[in-house]
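Here are my notes for someone opening this one for the first time. Have a look at the model, then read the points alongside it.

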Amino acid sequence: MKQMFIFGLGYSAKRIAAALESDGWSVVATGSDGTVDFADGDAVRAALAASSHILSSVPPDRENGTDPVLETYAGDLGQTWLGYLSSTGVYGDQDGAWVDETSPTGTGRRSARSDADARWMELGARVFRLPGIYGPGRSALDRVKEGNARRIDMPGQVFSRVHVDDIVSGVVAAVKSNAPAGAYNLGDDLPASGNAVTEEACRLLGVAPPPLQTLEEAHLSEMALGFYSENRRVANGKAKRVLGWEPRYRTYREGLRSLI
């Protein structure tokens, strides 16, 4: 039986683990819902040694910017298959232009993520660069229901996004095909404004969309303001060609309808 070790059993990684387990894999993981304590070095190293595949979904530390997994266990990642859930934030602001895996990284606001992304690449990992993630319990539908949806008056601002199920299918495709090391963008086929997604969620729920606001009027958090400071479209052609992957939810419209 093949075994996957997952660092950080979060929103996306839980679903990856479930998909692998349903296909007969053994999964060992750290995290609040995991089976191994990240701080228990002996237990982690024993599990790593018994695992054929390793995937990390742990982001850089917010305080010091380092990757906890690489800082603690880099010398124990000798397996032939390594994976890392990264972010398309590594591409920075591109003024709405398209980016692919050959585009420069490290120029954006998320320098710590770019550094971690580069280090995992150097180790020979499959690095999955993810845009805005949505899915059950985490979508524009939930924000509208909770009264937290916003429409920001920023003409020309676009984002890419991906349904969590399409992250799962992309990572599983890379595992099963033993895909070459390197970066893979996993995003849908239609980058769009946040306003368009909010408006579609409101239409599906039968409610009026919130009024347009300026950034100042919206009183967004520092993290959200950073999100709006970058504008790009993320191309997914490499994942389609190399992994044989196709997003089940090709646009936010299909994705939101699936969550009703």
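**Notes on a predicted model**

1. Let me begin with R45, which counts as partly exposed at 36% relative accessibility. The cut-offs behind that wording are these: buried is under 20% relative accessible area, exposed is over 50%, and partly exposed is in between, using a 1.4 Å probe and protein chains only. Its partner is D76, and the two form a salt bridge whose closest N and O atoms are 3.0 Å apart. R45 sits in helix α2 (residues 41-49) and D76 in the loop between α3 (68-73) and β4 (81-87), so this pair ties together parts that are 31 residues apart in sequence. D76 is partly exposed as well, with a relative accessible area of 27%.

2. Some ground rules. This is a predicted model, with residues numbered from 1 along each chain as its sequence is written. Local features need pLDDT of at least 70 and side-chain atom pairs count only at pLDDT 80 or more, while totals for chains, interfaces and linings use all residues; side-chain values use heavy atoms, leaving out hydrogens and water. Helices (H or I, at least four residues) and strands (E, at least two) are DSSP runs, numbered from the N terminus.

3. How many salt bridges does the structure hold? There are eleven, a salt bridge being a side-chain nitrogen of Lys or Arg within 4 Å of a carboxyl oxygen of Asp or Glu. One of them joins D189 and R250, with the closest N and O atoms 2.7 Å apart. D189 is in the loop between β10 (182-185) and α7 (194-205), and R250 is in the loop between α10 (237-243) and α11 (252-259), so parts 61 residues apart in sequence are tied together. Both ends are partly exposed: D189 has 23% relative accessibility and R250 has 46%. Follow the shared partners and you get one network made of D189, K240, E246 and R250.

4. Buried or exposed: which are E230 and R232? Both are buried, and their side chains meet in a salt bridge at 2.9 Å, N to O.

5. Now the helix packing. Two packed helices are described by the angle between their axes and the distance between the axes. Here axes are lines fitted to C-alpha atoms, over the stretch in contact for helices, and angles run from 0 to 180 degrees between N-to-C directions. Helix α1 (residues 11-22) packs against helix α6 (residues 164-176) at an angle of about 50°, the axes being 9 Å apart. That makes α1 and α6 oblique to each other; angles under 35 degrees count as roughly parallel, over 145 as roughly antiparallel, 65 to 115 as roughly perpendicular, and the rest as oblique.

6. Which residues make the contact between α1 and α6? On the α1 side they are Y11, S12, R15, I16, A19 and L20, and on the α6 side V164, I167, V168, V171 and V172. Contact here means heavy atoms within 4.5 Å. By class, that is nine nonpolar, one polar and one charged residues, where Ala, Val, Leu, Ile, Met, Phe, Trp, Tyr, Cys and Pro count as nonpolar, Asp, Glu, Lys and Arg as charged, and the others, Gly among them, as polar.

7. Another pair to find is α7 and α11, whose axes come within 10 Å and cross at roughly 35°. From α7 the contact takes A196, V197, E200, A201 and L204, and from α11 it takes Y252, R253, L256 and R257. The count by class is six nonpolar, no polar and three charged residues.

8. Two backbone spots to check. D95 has a phi near 55°, a positive value in a residue other than glycine; D95 is placed in the loop between β4 and β5 (98-99) and is exposed at 66% relative accessibility. N178, in the loop between α6 and β10, also has a positive phi, near 50°.

9. Finally, two residues and their surroundings. K238 is in helix α10 and partly exposed, at 21% relative accessible area. Apart from neighbours within four places in sequence, K238 is in contact with E101, G182, A183, Y184 and L243. T105 lies in the loop between β5 and α4 (111-122) and is partly exposed at 34%.
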